[in-house]
Each structure stands twice: as structure tokens, then as C-alpha cells.
Amino acid sequence: MAKILIPTPLRQYTDKQDSVELTGASVGEVLGALTTKFPDLRKQLFNDEGKLRSFVNVYLNDEDIRYLKKDATPVAASDTLSIVPSIAGGSGDPPVSLSNDEILRYSRHLIMPEVGMEGQLRLKSASVLLVGTGGLGAPLGMYLAAAGVGRIGLVDYDVVDFTNLHRQVIHGTKDVGRKKLDSASDTIADINPNVKIDRHDVLLTSENAMEICANYDLIIDGTDNFPTRYLVNDVSVLLKKPNVYGSIFRFEGQATVFAFPGGPCYRCLYPEPPPPGLVPSCAEGGVLGILPGVIGLIQATEAVKLILGVGETLVGRLVLYDALAMRFRELKLRRNPECPVCGDHPTITKPIDYEQFCGLPRHGGPAVAQASAGDIDPVDVKKMMDHGDKFLLLDVREPHEYLICSIAGAKLIPLGEIEKRVNELDTATEIVAHCKSGVRSAKAVDKLKALGFRKVRNMKGGIIAWSDKVDPSVPKY
Amino acid sequence: MAVQSRTATMRERTGGKRMIKIDPQAWDVMVAHAEAKFPNECCGAMIGKIDGTEKQVTSAEPMENAYAGEQGARYELRPEDLLEADRRARAAGLDLIGIFHSHPDCDAYFSKTDLENSCPWYSFVVLSVKGGKFDHAASFLPNPDQTAAEKEELIWPKS
């Protein structure tokens with residue numbers, strides 16, 4: 001019979017005995033016999049998975065069984081087993097509390113039992129990283145700050161532009177030309193000065209993402225491009241941090257929670273990115289200004305629920321929102337066991353080169369579509385006009401864009417109608433194609449070349465560059 | 001993610017009021033140890049008796065801070081030292097009932113680090129030492145999951 005010494009506070013579970021004699025060939029067997037005899041002791045010593053709790057050490061006479069044969073350590077009848085806790089600590093990380101001003105500020109939260117003081121302290125202890133302070137980041141930053149999230153990290157290196165203002169409500173007209181980080185920080189500090197703001201004035205890259213994201217409880221994806229979206233996803237999975245996802249285009253949006261333990265990730269839904277240029281960005285396809293408000297606040301709602309630990313989150317569900325029909329639909333998502341990052345045998349164990357993965361050149365380089373075409377600068381197009389050269393300026397934008405602005409003398413054939421209306425064009429005449437920014441006209445050049453046209457070039461930068469370099473009276477949109 | 005566990009704290013709130021009383025000779029040892037180790041954190045064990053919801057500390061044993069790094073805001077107890085203290089207490093017919101440590105130039109709160117590295121079986125007395133002199137103290141009872149700690153009434157001999 002081996003003897004087990006019972007620590008004082010545990011004797012309430014052993015009929016007040018300070019030591020117990022039990023039979024067993026190994027430490028595991030003796031502990032098993034102990035918790036069989038005193039079932040209430042089990043919860044004190046073992047966690048839900050049946051493993052010894054992290055602070056529990058077992059000593060055989062004077063030796064820690066971890067340095068012997070652990071559970072299999074043989075026990076003789078003359079041996080004594082002791083249960084000794086690991087104890088440490090330190091004054092860092094003081095506990096959070098609310099000041100009287102904060103109690104007043106959050107009173108409508110505090111009176112709901114689902115939030116209450118504990119929930120509000122959870123919010124205050126929480127840290128959230130917003131990747132992007134644009135359309136989605138704007139409502140996210142403002143409402144999460146107002147709700148009392150203690151620390152908000154902002155990642156953005158961009159500058160506020162007039163075209164941002166119809167949806168990015170965290171920035172105002174006075175902020176045009178300022179760094180988005182500056183104007184977003186000012187708005188957040190005005191809404192709630194208790195929020196600690198971390199400024200990350202960088203582009204999130206494979207090199208810096210792990211280090212930046214590691215300091216937050218939650219990652220919120222407010223990005224508008226595929227390389228960053230895959231980067232945010234992979235880093236969230238690798239760091240085991242939920243990724244609150246949202247995306248918007250024209251009148252439609254999506255939202256879900258990725259990378260929650262056991263749940264799917266973005267790669268389970270979209271293993272491969274679309275070919276470059278196939279899915280237009282908001283700058284190319286437009287977006288209803290109100291739309292990011294709806295999707296951003298779905299993301300903010302999920303973030304708050306994850307922090308509070310209440311409700312049913314969007315883990316495993318993709319919400320699809322159609323503003324025109326005013327309809328929400330839902331798709332079930334499952335984790336893919338074959339997923340290269342969150343699957344059972346992951347092959348991606350650190351961030352990769354996402355521009356290459358998405359078929360794009362490294363950030364800052366020219367776009368693929370433009371590089372493939374024979375480019376001509378708007379200034380040179382103007383010289384050809386002034387010189388009286390005979391050529392056709394072909395506008396491949398949509399009719400409603402043509403109504404916003406156009407270049408005098410240009411012929412409008414939308415990109416999608418080129419094949420159908422090719423008989424309107426002459427292979428002998430030199431053609432310069434343009435669109436808004438140069439992406440669609442590069443495709444038009446490729447199409448025309450495939451149809452046998454030789455003398456076609458793409459006006460670099462589109463009508464925006466024309467406005468910048470040639471004729472500022474043409475409005476930019 | 002966050003520090004509070006609502007089920008545990010709610011259960012504890014409904015429990016009886018618990019208190020820990022420290023005898024003068026034990027208290028003097030604790031304060032002297034905390035002041036001597038300033039500006040580092042000190043640690044040690046408290047020995048005594050438990051009677052229902054009341055604990056009485058009759059002696060204190062200073063222990064070495066075994067934390068390997070900078071000790072200004074960290075402490076660690078060696079399990080072997082605790083095992084020895086427990087044996088001596090048993091031999092004297094007493095019990096190991098608590099752990100004490102100091103917070104140099106900080107208040108006597110129970111930090112996240114304290115909570116996550118504690119254990120639910122003992123009282124944790126924290127002594128605030130400011131500028132090398134004892135300032136105030138508090139006692140805490142961590143919950144079984146170490147996600148929250150309840151404050152315990154602490155009575156020490158006021159000089």
C-alpha cells in the first residue's frame with residue numbers, strides 16, 4: 001500500500017483524511033484508485049480531457065514524476081506520493097476595472113445581463129486588429145470603439161481620397177489628403193477616449209503579418225484584395241485567432257467567421273484565388289456607399305459576440321446579403337480536412353508569397369494586364385491628336401460611365417460588345433483603347449489582337465491619367 | 001481571451017464570506033521579507049489552521065524567488081520548497097494554507113499573471129511595497145479554472 005499525502009484544501013473531498021493508503025503498481029494506477037475512491041477529487045486534479053491540471057505536480061518521495069516515468073513510474077508499498085502545486089505570478093497585467101465615467105458610458109450595456117459588468121470588462125480586456133480602415137474598417141472602428149473594446153489596432157498605409165468619402169464614414173471631407181491612420185485615430189479617440197489605439201502604418205505583408213497579428217485576440221478582415229485576404233486568413237489560422245471576414249461588391253456582401261477552432265477557413269471556401277482581373281475591385285465595379293455599413297456592422301456584431309462569448313456566431317455559416325432584393329441568405333461552410341492551411345495535414349506552415357499565389361507581380365509593380373499590352377502614355381495620345389495623326393480613340397467603358405465624362409472624339413464600344421461590333425472597326429486604322437484606369441482597355445487590346453488587329457495600343461492609366469496629365473477639366477470618378 | 005469566467009464567479013459570490021487572519025509574528029516575517037527583496041518580488045508560504053471559512057496564519061516561511069528572468073514583476077516558487085514546507089507543517093500538526101508574494105511599487109491586486117499561474121487550493125496574499133516600505137495588502141482565492149479570483153477578507157496586525 002502506497003501512501004498519498006493530501007493537501008489541506010483537498011481533504012474536504014477525502015473525508016477529512018490527510019493521507020490515504022492505496023494499492024497500485026504505478027503512479028497512474030494509484031491516482032486512478034484515489035479518484036475512484038473519492039470521485040469529487042477528480043475535478044480538482046484532472047482537467048476535462050483527463051490530464052493532470054497544469055498546476056498539479058506529483059512527487060514520488062522527493063522526485064517529480066515528470067522526471068521519472070510519469071504515470072508509468074513504478075510505486076512500491078513503502079513509497080509516499082505528494083501532490084504539490086506549481087505556483088508563480090507577478091505584478092504585470094493589472095486587472096481591468098471600470099471608472100465611474102466608464103460605468104455611465106456603458107450603462108445600456110451594463111443593465112443587460114448578457115453583457116453586464118463581466119462582459120464589459122471582457123470588452124475592455126479585448127484587443128482587435130482591423131486590417132484596413134476603408135469601407136468595412138470605418139463602421140467597425142467606430143462601433144467597436146463605442147462599444148468599449150479596450151485596444152484596437154489599425155493597419156493602413158493609405159491616404160484619404162475624395163472617392164472614399166461616400167462610404168468610409170470614419171474619414172471626413174476635412175481629412176482628404178491625410179493619412180487614413182491619422183483621421184481614423186482621431187475619430188475613434190473622439191468617440192471613446194478610453195480606447196487604446198495601436199497604429200500600424202504599413203502594408204500587411206508576409207514578412208510582418210505574424211508579428212503584428214500575434215498581439216491581438218481577434219483579426220478583422222476589412223481588405224479589398226485577394227493577396228491580403230489570403231494572407232490574413234493564413235496568419236489567423238497559424239496563430240489560432242478568429243478571422244472575422246467581410247467582403248463587398250456593388251450591391252452585395254458576404255460575412256462569416258473563419259479560423260475559429262474546428263471551423264472552416266477562407267481557403268476551405270476558396271482554395272484558389274480567381275484569375276487576376278476576373279473579379280473587379282470596388283474601384284472598377286463600384287459599390288453602394290451604404291453597403292459596407294451593413295457588412296461592417298455584421299462583422300462588428302460577430303466580434304462583440306466572440307469577445308462576450310454569447311449567442312450563435314457565424315462560424316461555419318456564410319451570410320450573403322443582397323441590398324437590391326433586401327435579402328439575406330446563408331450557406332453552410334465546413335472545414336476541409338484536405339485544406340492546405342487548416343486541414344489535418346497542413347502544407348502551409350508559414351506565410352507564403354501571396355502576390356505570386358494570386359498571379360500578381362510584387363506590390364508596387366505594374367499590373368499583369370497592363371504589362372501585356374503595348375502601352376501609350378496619355379500625354380503622347382494628346383500629342384498625336386495635336387499633330388493631326390489619323391487614329392481611333394476607342395473608349396471601352398460602359399455607357400453610364402461615358403455619361404460621367406469622356407474624351408472628345410472617342411468612340412464608345414463597351415468591352416463586352418467588342419466581338420459583336422468588331423465590323424465597326426478598321427484593321428488598317430491605328431487604335432488607342434482607353435477605359436477608366438487601363439485594366440479593361442488592356443483586355444480590349446488583347447481581344448482585338450486575337451481578332452487580327454495589329455495596330456492597337458492601350459492608353460496607360462485610362463481617363464484618370466488623362467485627367468491628371470492632360471485635361472484636368474475631365475472629372476475623375 | 002478575456003479574464004473573467006461568469007459561472008465560476010457567480011457561484012463564488014453566493015458562497016459564505018471567507019477570511020484570513022495573520023498573527024503578528026508571521027506578519028512581521030512576511031513584511032520583512034517583502035521589504036528586503038524590494039525592488040524585486042518576494043514569495044513564501046503561510047502555515048496555520050483552518051476553521052470552517054476562517055483561516056489563521058501562525059507562521060510564515062520566506063522562500064527563494066526561483067523565477068529565471070528579471071524579478072521586478074515576476075516570482076516563481078519551487079514545488080520542492082512547498083513540499084518541504086508542507087512536510088514541516090504536517091510534522092507540527094499544522095497546515096500549509098496560503099502563499100504570499102509582493103508587488104514592488106504596484107498595488108496589491110491579483111494580476112492576470114498571478115491568476116494564470118496560481119492554484120485554487122490556497123489563499124494568495126499580495127503585499128504592496130512602495131519605495132521599499134510596506135503599503136497595503138489583500139488576499140485572493142482563485143477559482144478552479146484560474147479564470148477569476150475572489151477577494152478574501154484579510155486581517156493583519158496594524159502597527
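The questions and answers below go through the two chains of this predicted model, their contact and some local features.

Reader: How are residues and chains labelled, and what confidence is needed for local features?
Author: Residues are numbered from 1 along each chain as its sequence is written, while chains are lettered from A and ligands numbered from 1 in the order in which they are written. Totals for chains, interfaces and linings use all residues of this predicted model, side-chain atom pairs count only at pLDDT 80 or more, and local features need pLDDT of at least 70.

Reader: How many helices and strands are there in chain B, and in what order do the elements run?
Author: Helices (H or I, at least four residues) and strands (E, at least two) are DSSP runs, numbered from the N terminus. By that count chain B has four helices and eight strands, and from the N terminus on the elements run α-β-α-β-β-β-α-β-α-β-β-β.

Reader: What share of the residues of chain A is buried?
Author: A residue is buried if 20 or more other C-beta atoms lie within 10 Å of its own, exposed if 12 or fewer, and partly exposed in between, with C-beta atoms placed from the backbone. In chain B, with 159 residues, the buried share is 45%. For the 477 residues of chain A, the share that counts as buried is 37%.

Reader: Which element of chain A gives the largest share of the side that touches chain B?
Author: Two residues are in contact if their C-beta atoms, placed from the backbone, lie within 7 Å, and the contact takes 28 residues from chain A and 35 residues from chain B. On the side of chain A, strand 3 (56–60), strand 5 (80–85), strand 6 (87–89) and helix 5 (116–125) each supply at least two residues. The largest share, four residues, comes from helix 5 of chain A.

Reader: Which residue of chain B is the bridge partner of Gly89(A)?
Author: Two strands pair if DSSP finds at least two bridges between them. Strand 6 of chain A and strand 4 (residues 75–77) of chain B are joined by three bridges and run antiparallel. Within strand 4 of chain B, the partner of Gly89(A) is Tyr75(B).

Reader: Which strands are at the edges of the open sheet of eight strands in chain A?
Author: The order of this open sheet is 9-8-7-10-11-12-13-14, with mixed pairing. One of its pairs is strand 11 (residues 243–249) with strand 12 (residues 252–258), antiparallel and joined by seven bridges, where Phe249(A) stands opposite Glu252(A). The edge strands, each pairing on one side only, are strand 9 (196–200) and strand 14 of chain A.

Reader: Is Met326(A), which has a positive phi, buried or exposed?
Author: Met326(A) lies in the loop between strand 13 (317–322) and strand 14 (327–332) of chain A, and its phi is near 50°, a positive value in a residue other than glycine. Because 7 other C-beta atoms lie within 10 Å, Met326(A) is exposed.

Reader: How many other C-beta atoms lie within 10 Å of Asp105(B)?
Author: Asp105(B), another residue other than glycine with a positive phi, here near 55°, is found in the loop between strand 5 (95–104) and helix 4 (112–116) of chain B. Asp105(B) is partly exposed, because the number of other C-beta atoms within 10 Å is 15.

Reader: Which residue does a cis peptide bond join to Phe38(B)?
Author: The residue asked for is in the loop between helix 2 (24–37) and strand 2 (43–51) of chain B. The cis peptide bond, with omega about 10°, joins Phe38(B) to Pro39(B).
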